[in-house]
Amino acid sequence: MAKEPIRMKYFVNNEFRESETKSYMECFDPSTGEVTHLAPQCTQREVESAIEAAKAAFPAWADTPPNQRIQVLFKLKMLLDKHLDELTHIVASSEGKKWEEAMGDVLKVTEVVEYACAIPHLMKGDSIMNISRGYDTVLYNHPLGVFGGIAPWNFPSMIPMGWMAPLCIATGNTFVLKAASFVPQAAMRIAELWVEAGLPPGVLNIVTAGRNEAEILLEHPDVVGVSFVGSTKIGRHIYATAAANGKRVQALTEAKNHALVLSDCKLERTAMGIVNAYLGCAGARCMALPAIAVEESIADKLVAELIKISKGINLGPAYDKSTGMGPIVNAGHRDFITGWIETGVREGAKLVLDGREPKVPSGCENGFFVGPTIFDHVTEDMSIGRDEVFGPVLCVKRVKGFEEGITIMNNSRFANGSAIYTQNGHYAREFSYRTHAGMVGINVGIPVPIGIFGFTGHKDSFFGDLHTMGRDGIRFFTEQKNVTATWFDETGDKSAAGVDTWDGTMSSMPSDDK
């Protein structure tokens with residue numbers, strides 16, 4: 001007999017509150033299809049109350065010295081380590097990532113928390129004494145206020161609680177998160193750990209809401225910036241709307257990452273890397289590898305190897321450590337993926353491995369599974385090879401050589417990641433220099449840098465000026481202030497001297513012309 005779904009609450013001022021909404025979103029265990037939780041679609045007033053709490057908490061939190069703020073993050077890091085298995089199970093049972101991937105989702109939170117613990121150093125400004133005779137200038141980095149975060153469902157821990165919250169909070173800002181309504185469980189549990197670590201009330205607040213209520217974060221005068229991860233269509237809207245309301249915006253959106261596979265590659269190892277890259281997280285990551293451009297001379301052999309390895313991947317419950325690939329988050333997205341497979345067939349791509357009716361173990365018959373899928377002979381006029389499918393589907397494009405391959409890749413409207421598989425240093429360097437992608441792998445299928453470097457997508461994969469994490473992340477959550485000062489000699493006559501147009505700050509002006 002199925003258990004009664006847990007009715008969730010929203011999180012404001014360090015407490016969970018019952019929503020007044022009558023609308024709840026079903027949250028599934030993707031491995032079984034069972035409804036496990038109901039997430040409230042918070043009302044306008046409830047979202048506004050989260051912003052108000054964040055605004056009220058900002059002055060005291062911003063005034064807290066950085067060395068004291070990071071004590072909370074030190075404690076949070078230890079709590080994340082302590083509860084790693086618990087959080088891993090929450091991600092696996094709510095989003096569908098297999099155990100190792102779910103654990104990685106949580107460890108990516110810890111990675112950025114550790115980076116944020118260096119905030120006293122990372123927030124340091126700059127200075128120079130005697131920049132003009134008797135004048136000194138100091139640059140400071142300050143927090144801004146209340147930031148909003150709008151998170152997707154595919155990484156329920158890493159994105160909201162890794163990419164967004166740690167740097168926002170460590171720099172002295174406060175944060176209102178709209179968690180993904182399909183999978184808010186992990187974010188809510190980590191919020192409890194923030195409280196246990198000593199975070200003051202109002203610094204972190206979490207709601208689940210529909211699109212109309214989420215729009216409040218884009219327009220509310222007390223929100224100074226918005227961080228978003230999701231589709232390109234929505235990202236464009238968020239960027240335009242929030243920017244029009246005077247807010248900072250970073251919008252990380254879709255991708256169609258390609259790898260160029262040259263004939264001198266280590267073929268078996270390359271095939272293993274490609275399979276890992278297109279099937280990892282069931283393809284639901286914006287740094288997945290859904291397309292490869294492979295030299296014709298090795299294409300037949302490579303495709304045969306890809307099929308062989310892919311067929312050996314066992315599907316099963318996400319929380320079973322022996323599972324090779326977990327399920328899709330829900331039935332809607334499963335059907336979205338299978339719809340794309342049907343589109344590829346209609347467009348004339350050769351379906352050499354079909355994952356639409358996969359075999360699953362007992363107990364998973366009602367789960368949301370799509371098996372490994374490979375299309376060969378995909379051409380540039382086929383949408384299956386151009387647009388994001390966000391599932392375990394690989395498109396193989398056959399090319400004559402390096403130049404044709406990199407041209408196809410750079411013609412994409414997306415530019416998140418790219419990779420090349422080769423043993424040739426010249427081609428590897430040429431590829432690194434000429435590819436449009438912001439994250440590049442040399443024999444690395446998922447070239448995601450760790451958090452100290454940032455996540456640097458381009459073109460239609462990103463809207464904004466400052467990326468998430470890394471140095472850009474610090475700059476996004478702070479504003480600069482330059483302070484220029486001079487002091488008068490009370491025993492001399494400097495204070496009585498004339499004041500020029502530049503008030504003494506033009507150091508290069510000839511003395512006779514001042």
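The largest pocket is lined by 37 residues, and P152, W153, G230, S231 and I234 are the ones nearest its centre. A pocket here is an open set of points on a 1 Å grid over the protein atoms alone, with protein on both sides within 12 Å along at least five of seven lines; lining residues have an atom within 4 Å of a point. This is a predicted model, where local features need pLDDT of at least 70 and side-chain atom pairs count only at pLDDT 80 or more, while totals for chains, interfaces and linings use all residues. Residues are numbered from 1 along each chain as its sequence is written, and side-chain values use heavy atoms, with hydrogens and water left out.

About 930 Å³ of space lies in this largest pocket. Its lining splits into 19 nonpolar, 11 polar and 7 charged residues, and α8 gives the largest share, with 4 residues.

Next comes the second largest pocket, with a volume of about 680 Å³. Its lining has 31 residues, with E101, G280, C281, R285 and I446 nearest the centre. Here α4 supplies the largest share, 6 residues, and the lining divides into 19 nonpolar, 5 polar and 7 charged.

On the surface, I450, I452 and F453 make up a nonpolar patch with about 310 Å² of accessible area together. Patch members have over 30% relative accessible area and no salt bridge, and nonpolar side chains are joined within 5 Å. One of the three, I452, sits in the loop between β20 (439–442) and β21 (458–459).

Technical notes. Patches are made of residues with over 30% relative accessible area and no salt bridge: like charges are joined within 9 Å, nonpolar side chains (Val, Leu, Ile, Met, Phe, Trp, Tyr) within 5 Å. Accessible areas come from the Shrake-Rupley method with a 1.4 Å probe; for residues, only the protein chains shown count as cover. A salt bridge is a side-chain nitrogen of Lys or Arg within 4 Å of a carboxyl oxygen of Asp or Glu. Helices (H or I, at least four residues) and strands (E, at least two) are DSSP runs, numbered from the N terminus. On a 1 Å grid over the protein atoms alone, a cavity is a set of points where a 1.4 Å probe fits but cannot get out, and a pocket is an open set with protein on both sides within 12 Å along at least five of seven lines; lining residues have an atom within 4 Å of a point. Grid points are joined across faces, edges and corners, and a volume is the space filled by probe spheres set on the points. Ala, Val, Leu, Ile, Met, Phe, Trp, Tyr, Cys and Pro count as nonpolar, Asp, Glu, Lys and Arg as charged, and the others, Gly among them, as polar.
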